[in-house]
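Let's take a friendly walk through this structure together.

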Amino acid sequence: MDDLDQLEAQSIFILREAYRKLKPLAMLWSLGKDSNVMLWLARKAFLGRVPFPVMHVDTGKKFPEMYQFRDEYTKKWNLELLLGDCPPVEDIDPTLPPAARSAARKTAGLAAMIDRYKLAGVIAGIRRDEQATRAKERVFSPRGAGHKWDVRNQPPEFWDQYATPHEPGMHVRVHPLLSWREIDIWRYVEREGIPLVDLYFAKDGKRYRSLGDQDITSPVESNATTVAEVIAELETSRTSERAGRAMDHESEDAFERLRVAGYL
Amino acid sequence: MSTIPTPAPQEAATPIVIVGHVDHGKSTLIGRLLYDTDSLPDGRVAQIIESSKKRGLAVEWSFLLDSLQIERDQGVTVDSTRIPFRLGTRQFVIVDAPGHRQFLRNMITGAADAEAAVLVVDANEGAQEQTRRHAMLLRLIGIRHVIVLMNKVDILDYDQQKIEAAERDVTALLHQLEIEPTVFVPASAREGDNMASRSDKMPWYKGPTLTEALAAVPAPSSRADLPLRLPVQDVYRFDTKRIVVGRIERGRIRVGDEIVIGTQGARARIATIESWHTAPQVAAVAGQSVAVTLEPDVIPDRGDFLYPASAAPLRAARIRTRLFWLRQEPLRVGESFRLRLATAEHQITVAAIDSVVRLEDLTEHPAEEVPPEGFAEITLAVSETMLFDPFVPGTSDGRGVLVDRNQQIVGGAPLIGVAESVAGRNAIHPTGSAVSLWDRARAKGHRGGVFWMTGLPGAGKSTLARGAETRLFSRGIDVSVLDGDTLRAGLCSDLGFSEADRRENVRRAAAVARILAESGQVVIVALISPTIADRELARQIVGEGFHEIFIDTPQATCEQRDPKGLYAAARAGKIEGFTGIDAPYEAPVRPDLRLETANASSDETAARLAAFIGDEIRLDEAAQRQKS
């Protein structure tokens with residue numbers, strides 16, 4: 001088994017644990033590369049099916065290519081799609097810096113969906129290497145009342161045993177991609193032939209390395225037009241993946257504050 | 001089209017955990033290592049310098065890791081972090097584990113899957129509490145490849161003698177834990193000595209630098225060649241097929257292999273290996289998450305092991321385990337949890353606390369409870385017979401974990417082996433009491449206990465037992481007597497006097513005595529129990545609180561007394577196998593109390609017995625104070 005086989009096997013194990021232990025369960029589908037890989041892994045785990053709904057928390061500000069991709073693959077992959085919208089930015093904590101405040105809309109939208117469907121488990125495609133705060137995450141991350149992440153009081157997690165608390169008002173965020181790195185995602189996309197939104201590939205010397213809302217995501221300089229070229233580019237890259245995400249850089253603690261409140 | 005070839009398959013990253021006492025320099029070490037090996041993203045070094053400046057400090061390498069705001073404000077690392085890191089072509093993941101005591105569970109979360117550990121010890125301070133605690137954990141989670149980094153040797157002026165003296169102390173400590181450190185590296189993380197490049201200040205040191213030591217960590221050994229263990233994770237019914245899924249923990253499967261399923265022992269063949277978007281599979285190895293169909297189509301449960309008939313796991317209902325207890329409150333005998341082992345979950349009760357580790361010197365001692373975040377060896381009584389393999393470092397065998405009713409992990413319990421069965425039978429379903437022995441003792445004002453009197457027929461056991469009972473009862477002690485004849489009149493009326501029946505008689509008496517003692521009573525047992533093996537059985541069944549009392553009366557005296565006329569009957573050949581006549585009596589070698597009755601009145605002897613029992617069941621002063 002090479003490293004991708006091991007990552008795949010571990011993610012499948014995690015997805016099967018979540019499916020067994022958390023009901024009702026749903027998977028977040030942000031339409032980005034990571035969540036497409038995650039959906040692909042779910043189909044591997046459940047032999048071509050996705051036996052739970054996928055949720056798109058729609059800020060209404062995604063790129064048109066992303067909406068197109070969503071509609072195409074919902075059909076092709078036979079997905080049960082749940083759509084949720086987000087409150088207007090005026091309803092969000094005004095003490096947050098502007099981009100973080102905009103991103104926090106998604107947190108509020110997600111919280112509303114979790115409550116509406118009374119979800120016990122939400123599968124999300126975050127990775128440890130994306131951002132220092134995400135590096136602190138558990139594979140099964142219990143969220144208390146109000147969906148708060150109690151970063152100082154996380155459960156122990158070892159030997160593939162996960163905390164699955166069942167208390168009213170609680171849910172568990174499940175992170176099957178936590179151990180994957182950005183380059184692993186791309187190598188797996190290449191190996192498996194997983195379809196992605198075109199925005200990840202260079203047009204006029206620029207491409208998106210990470211996809212969020214149009215107003216708070218910016219492209220990076222790149223000439224990579226294929227998956228293989230992206231991989232080659234990443235092997236020499238020394239900047240962080242989320243460099244193009246505005247809310248990570250507004251203040252030292254902006255991103256952590258977002259995550260404590262339930263942002264991914 | 002691109003001409004760039006697809007990258008070659010890669011080895012998985014080797015996880016390395018960094019542990020050690022708070023402030024001994026773990027985070028500094030990691031920051032420095034990343035800097036020296038040029039592993040930092042652009043901008044990160046500038047960020048550190050700026051952050052350090054903002055706080056009026058010299059360059060603080062640890063800021064790289066202390067990425068949470070709260071950590072920087074308090075100057076401690078809250079949780080473990082994982083940092084990818086490359087040496088040559090080999091990929092590592094560094095796991096930073098915090099030194100602060102209350103964050104033990106985070107350390108385990110980070111360290112449990114590591115291949116190797118770097119134990120950072122401040123060469124000036126030597127091993128401290130967290131050093132010992134972390135070393136203990138390395139042992140319990142099964143990490144055997146330990147690199148000891150003697151940090152801050154610049155403060156010792158790089159002096160060989162001082163550094164080696166500090167090393168000797170750490171060696172002695174690790175030796176107690178049966179950990180053989182791979183190498184000691186004298187280093188200064190802050191100054192960069194012996195980190196990624198050889199220090200010119202310690203020409204006497206010929207060993208590897210830290211990066212050389214890391215590069216020499218062996219790759220994980222393959223589990224594919226061990227006998228199969230496939231714990232069932234779930235069973236799906238898709239279309240018309242029943243599909244059994246799980247991850248192969250060790251060994252391999254091939255289509256056509258015959259396997260045994262769980263404790264029920266049903267046999268089946270692997271009919272197919274199912275997959276999606278891969279080439280058709282006929283075999284799979286350890287580490288793979290698989291989906292199989294079975295022929296015949298038996299229905300396993302989650303938690304069942306699939307294993308080869310030629311290499312079955314152990315089977316038991318009482319299991320000895322090591323324990324690292326993660327709660328902030330103590331653990332006591334009688335508490336109930338669920339034991340998770342791979343995908344199985346079993347109801348268990350803590351049957352005994354066999355020993356507890358004293359962290360000051362890492363020695364093992366008997367104790368009534370496991371202290372908060374303590375280490376111990378305990379015996380678990382499982383509500384049903386379960387299958388398991390004993391814990392082996394570097395495999396997933398025997399990785400027991402205790403969870404509470406809320407499915408929260410409360411401790412790690414590497415399974416050591418089968419514990420002596422209390423009743424000699426496995427089909428027991430003990431449930432724990434919420435009232436602890438200690439609670440009962442405090443309420444009654446004395447401990448419970450079993451005082452097992454052995455001696456020849458006619459030695460005076462029953463008479464003395466009743467005499468002591470009366471005396472103790474008059475002092476307010478909750479006492480009762482289990483007498484051989486009384487037992488045989490009721491509980492044991494189905495038993496004869498064959499060797500097997502005598503042994504069963506002893507077993508029943510001991511089991512009843514244990515129940516009474518656990519309810520807080522003082523139990524005096526008067527039973528011939530002629531063989532050493534009989535009394536050993538009783539001692540095992542009763543456990544703690546068993547006292548052996550030898551009523552030492554010469555046979556001639558017994559025969560002369562012969563209160564029940566039994567000697568006469570035996571002499572006349574009316575009783576076969578009578579102890580002392582035609583069956584042997586094995587006197588105790590080292591009884592807890594020996595009472596000679598030939599030259600004393602039964603009153604005096606009963607008073608001596610009562611005094612001995614009174615001493616043994618006394619609560620200590622601390623407990624007395626607690627009571628009042």
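Two residues are in contact here if their C-beta atoms, placed from the backbone, lie within 7 Å. Keep in mind, too, that this is a predicted model.

Chain A deserves a brief stop. Its domain assignment gives domain 1, made up of 3-180 + 250-260, and domain 2, covering 197-248. The C-alpha centres of these two domains of chain A lie 22 Å apart.

Back in chain B, look for an open sheet of seven strands, in the order S7-S15-S11-S12-S14-S9-S8, with antiparallel pairing. Its edges are strand S7 (230-231) and strand S8 (234-238), each of which pairs on one side only. Strands of a sheet pair through backbone hydrogen bonds, either parallel or antiparallel. Inside this sheet, strand S11 (residues 258-261) and strand S15 (residues 305-307) of chain B run antiparallel and are joined by two bridges. Here you can find B:Ile261 opposite B:Leu306 in S15(B).

Next, move to strand S3 (residues 90-96) of chain B, where B:Phe92 is found. B:Phe92 counts as buried because 22 other C-beta atoms lie within 10 Å, and the cut-off for that class is 20 or more. Which residues does B:Phe92 contact, leaving aside its neighbours within four places in sequence? They are B:Ala13, B:Thr14, B:Ile16, B:Phe85, B:Leu87 and B:Leu214. B:Pro15 is 77 residues away from B:Phe92 along the chain, yet their C-alpha atoms are separated by 5.7 Å.

Our last stop is a stretch that UniProt, in an unreviewed entry, marks as "binding site"; B:Leu456 and B:Lys461 are among its positions. B:Leu456 sits in the loop between strand S25 (449-454) and helix H9 (461-474) of chain B, whereas B:Lys461 lies in helix H9 of chain B. B:Leu456 counts as buried because it has 23 C-beta neighbours inside 10 Å. B:Lys461 is buried as well, with 27 other C-beta atoms within 10 Å. Setting aside residues up to four places away in sequence, B:Lys461 touches B:Met453, B:Gly455, B:Ala526 and B:Ile551.

Notes. Residues are numbered from 1 along each chain as its sequence is written. Chains are lettered from A and ligands numbered from 1 in the order in which they are written. This is a predicted model: local features need pLDDT of at least 70, side-chain atom pairs count only at pLDDT 80 or more; totals for chains, interfaces and linings use all residues. Domain bounds come from an automatic or database domain assignment. Two strands pair if DSSP finds at least two bridges between them. Helices (H or I, at least four residues) and strands (E, at least two) are DSSP runs, numbered from the N terminus. A residue is buried if 20 or more other C-beta atoms lie within 10 Å of its own, exposed if 12 or fewer, and partly exposed in between; C-beta atoms are placed from the backbone. UniProt positions are given in the numbering used here, feature names are shortened, and annotations may be inferred rather than shown by experiment.
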